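Subject: Structure handover

Hello,

Here is the structure we talked about. Please open it next to this note; the findings follow below.

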Amino acid sequence: MLGEGMGTMEDGSEKGLKGHFKEDFSQRTRIGLAPRAGHVNRDTPYKRIATEEAWTFPALVKAQVDYLNSGEAPHDDSLKMAGMFANMPSLQDMLQDLGDLRLAHMDEMGIDRQLLLLTAPGVQVVRPGEGTPLAREANDIAADACARHPDRFSALAAFDPRDVAGSVREIERAIGTLGLNGAVLNSHWQGHYIDEQDYWPILEAIEAMDGALYIHPTAPFNGQHYETRGFFGALGGFPHDVWLHTMGLIFSGAFDRFPKLRLVIGHLGECLPLHLYRFDWMQGNADNRAGLRGGQPPVKLKHPVSYYFQNNIWITTSGCGWEPAIKFCMEVLGPDRVLYAMDYPYQQSSDEVASYDRMAISPAHKKLLMEDNARKVFRLK
């Protein structure tokens, strides 16, 4: 029996298993732990709020590709990734649509609301000086989509971290005036990370605006050793880069300085929850050590690493609809710290959505996972 998206794709794979992404090279047969076919429950006691759903717009794609092709850009694997995505027509159709096509796919797969995140590599890879104006344009487009479809879309604000003052102003405008629900950072920018104190005014602004910061993966810095092995994206480079960014924030003392800051990371926390025991045990390898972070004064954390995961960090299930792993994360972090996400359009599957309906999780915890945690973390109305 096929899944809810009956029929097959052009390559013969089941549509319910792998959605509408024609250029996706990943395996589409039912091997290993792939979800079994199933129909999406249309009468659940919870709404499905998907919290890592990607989009982009033509002016940004053009700015990325023009800079990549100009010969003026420094070597940047993230910018190269933008060029690769730009040459995928079906992907771009889905990324750039904030109307009928996206809504039809949401309806097909049973998604009630998407939280829109400007996709990697975002505005931080274009020519210097272009990023903040493009972030403003992105936030205006996202706010308009939310206004046109208030019961279907919410969105996070884009910003260019290279422009600290501009980022602060844009975050304040996007959250305070446009009503967006936090901010998204597509991880590093040319090897810089937001744990570096030059960028802390951005964290201060997000905390002051009561926003959540979502760190989304991009291509790893100096990623050749990943690329030559085929691990440039989801198999290695993406999760490892967010791993570095998240642990960097913890050990920089950022959460001690901004204790109300909410950080959200995807793909079941990029496997970080599995190692909390070891992180606490080995904390002294980086905690209060001199000579780190370019010679900045050593930082002594106020708490063990696990504390920050249980107080400042939330994780989403994007691309990891696997019951044992979700249950583990809910147990060690708390059922109020795990949020549903699909990762549309990069990973999309009505059969995976159906697998959430079948999970042996209590009704109360299922509602937290699929709906209530998203409303609380992102202050959704």
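First, a term: a polar contact is a pair of N or O atoms within 3.5 Å; within protein, one atom must be able to donate a hydrogen and the other to accept it, and residues adjacent in sequence count only if both atoms are side-chain atoms. By that rule, the side chain of Gln 124 reaches the backbone oxygen of His 188 at 2.9 Å.

Some ground rules. This is a predicted model, in which local features need pLDDT of at least 70, side-chain atom pairs count only at pLDDT 80 or more, and totals for chains, interfaces and linings use all residues. Residues are numbered from 1 along each chain as its sequence is written, and side-chain values use heavy atoms, with hydrogens and water left out.

**Gln 124**

Gln 124 sits in the loop between β2 (113-118) and α6 (131-148). Helices (H or I, at least four residues) and strands (E, at least two) are DSSP runs, numbered from the N terminus. Is Gln 124 buried or exposed? It counts as buried, because its relative accessibility is 2%. The cut-offs: buried is under 20% relative accessible area, exposed is over 50%, and partly exposed is in between (1.4 Å probe, protein chains only). Leaving aside neighbours within four places in sequence, Gln 124 is in contact (heavy atoms within 4.5 Å) with residues including Asp 160, Arg 162, His 188 and Trp 189.

Two of those contacts pair up themselves. The side chains of Arg 162 and Asp 160 meet in a salt bridge at 2.9 Å, N to O. A salt bridge here is a side-chain nitrogen of Lys or Arg within 4 Å of a carboxyl oxygen of Asp or Glu. Asp 160 is buried, at a relative accessible area of 3%. Arg 162 is partly exposed, at 27%.

**Other salt bridges**

The whole structure has 22 salt bridges. One of them joins the side chains of Arg 30 and Asp 351 at 2.4 Å, N to O. Arg 30 lies in the loop between α1 (15-18) and β1, and Asp 351 in helix α16 (residues 350-358), so the pair ties together parts that are 321 residues apart in sequence. Asp 351 is buried at 0% relative accessibility. Arg 30 is partly exposed, with a relative accessible area of 33%.

Glu 204 and Arg 257 also meet through their side chains, at 3.9 Å, N to O. Glu 204 is in helix α8 (residues 200-208) and Arg 257 in helix α11 (residues 254-257), so this pair links parts 53 residues apart in sequence. Glu 204 is partly exposed at 41% relative accessibility. Arg 257 is partly exposed at 44%.

**Helix α3**

Helix α3 (residues 77-86) is mostly covered, with 7 of its 10 residues buried. Among them are Leu 79, Met 81 and Phe 85. What do the buried residues of α3 pack against? They pack against α2 (58-70), α4 (89-96), α9 (224-227) and α10 (237-252). At the start of α3, a side-chain oxygen of Asp 76 comes to within 2.9 Å of the backbone nitrogen of Ser 78.

**The sheet**

Three strands form an open sheet in the order β1-β2-β3, with parallel pairing. Two strands pair if DSSP finds at least two bridges between them. β1 (49-55) and β3 (153-155) stand at the edges with a single partner strand each, so one side of each has no neighbour in the sheet. β1 and β2 pair over 5 bridges. Trp 55 has Leu 118 in β2 as its bridge partner.

Best wishes
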